[in-house]
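Thank you for making time for this today. I would like to walk through one structure, beginning with a single residue and widening the view from there.

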Amino acid sequence: MDLDVFVNTHRIEWDRLDHLLHRGRKLTGAEADELVDLYQRTATHLSLIQSSAPDPLLTARLTQLVARARSTVTGTRSASWRDAVHFLTAGFPAAVYRSRHWWIPTAVLSALLAALMGWWIGTHPEVQAAIAAPEDLRRLTSPGGEYETYYSSHPAASFAAQVWTNNAQAAAMCLVLGAFLCVPVIWILFVNVLNLAVGIGLMSSAGRLDTFLGLILPHGLLELTAVFVAAGTGLRLGWTVIDPGPHTRRTALAQQGRAAVGMAIGLALVLFVSGVIEGFVTPSGLPTWARIAIGIAAELGFLAYVYILGGRAARAGDAGDIAAGERSAELPVAA
């Protein structure tokens, strides 16, 4: 492409579009139609320049012009309660449902790894000795030890808030750091699995695995599911960097990134429920079976939410992204 010839050919259209944009709401019907037509043409011109003869100054000018025109053509819209309701009943569960091929394998592999590592720790005294001194291990695993008193060490409300904050931060890190080729997500996931495996191994070696599971399962089912969903979504985002599929890498990352932001908000709400259970149910005086039943009910409720509401919304085309009319148009990348 001869850039000078291209600019001389289309400069009049760009100047006309800029003039119409300065007119604002004083446009006639014919001028409004002309503005839409010039906006579409200029967007195509910008794409052609970016792909064939990128020029920083010209690209910057046309990018600004296209952005102003798009804002004028599409208008602006304020968020409403309808958006929040749609997010909770369709957008978020649909995003979780559509990413199930990432977070379900992540959950299964993590659970198997935690069980295997827990067995290895529990059956090898030398490994336990490397973790802590014998008196420290007894302080952790004995009746009334630190594993049991941990959940009642602070007032329930403040403990639930602290747990929620920590877990939400971990989930957000999985989502945000996924773009770095998955490596940080794998590390965060491994640290969580290792902590779980140490608890399983040490308590099983002390013959108190049932006590440990009775403390972990009420809140841990929902909490770990949220972490696995975040990790799976982060891995999916990282894989998009490697293989963007049929879209350009920029478009694919923008789509997955917007969905990940929504997932972070939704998972924060899920982890809030988990934190409430951990703060008020886990250390309560309820029988073990009752506490575990509450945890199972919360987990089944979340899965039903994802598979019923999310599956229905996903089949209707909802991807957990913003509405199609509010996204940047996908422009051709070659002449």
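This is a predicted model: local features need pLDDT of at least 70, side-chain atom pairs count only at pLDDT 80 or more; totals for chains, interfaces and linings use all residues.

Let me start with Tyr 307, which lies in helix α13, residues 288-315, where helices are DSSP runs of H or I with at least four residues, strands are runs of E with at least two, and both are numbered from the N terminus. Residues are numbered from 1 along each chain as its sequence is written, and side-chain values use heavy atoms, with hydrogens and water left out.

Tyr 307 has a relative accessible area of 35%, so it counts as partly exposed; buried means under 20%, exposed over 50%, and partly exposed in between, with a 1.4 Å probe and protein chains only. Together with Ile 104, Val 108, Leu 109 and Leu 112, Tyr 307 forms a nonpolar patch on the surface, with about 460 Å² of accessible area in total. Such patches are made of residues with over 30% relative accessible area and no salt bridge, nonpolar side chains (Val, Leu, Ile, Met, Phe, Trp, Tyr) being joined within 5 Å and like charges within 9 Å; a salt bridge is a side-chain nitrogen of Lys or Arg within 4 Å of a carboxyl oxygen of Asp or Glu. The areas come from the Shrake-Rupley method with a 1.4 Å probe, and for residues only the protein chains shown count as cover.

Which helix gives the most to this nonpolar patch? Helix α5, residues 100-123, does, with 4 residues.

The unreviewed UniProt entry lists residues 102-121, 170-198, 259-277 and 289-308 as "transmembrane region", with positions given in the numbering used here, feature names shortened, and annotations that may be inferred rather than shown by experiment. In the model, residues 102-121 are 100% helix and 0% strand, with end C-alpha atoms 28 Å apart, and residues 259-277 are likewise 100% helix and 0% strand, with end C-alpha atoms 27 Å apart.

Turning to helix α9, residues 156-177, we find Met 173 there, and Met 173 is partly exposed at 43% relative accessibility. Met 173 and Ala 230 are 57 residues apart in sequence, yet their C-alpha atoms are 8.6 Å apart in space.

As for the whole protein, the secondary structure comes to 13 helices and 0 strands, and buried residues make up 39% of the 335 residues.
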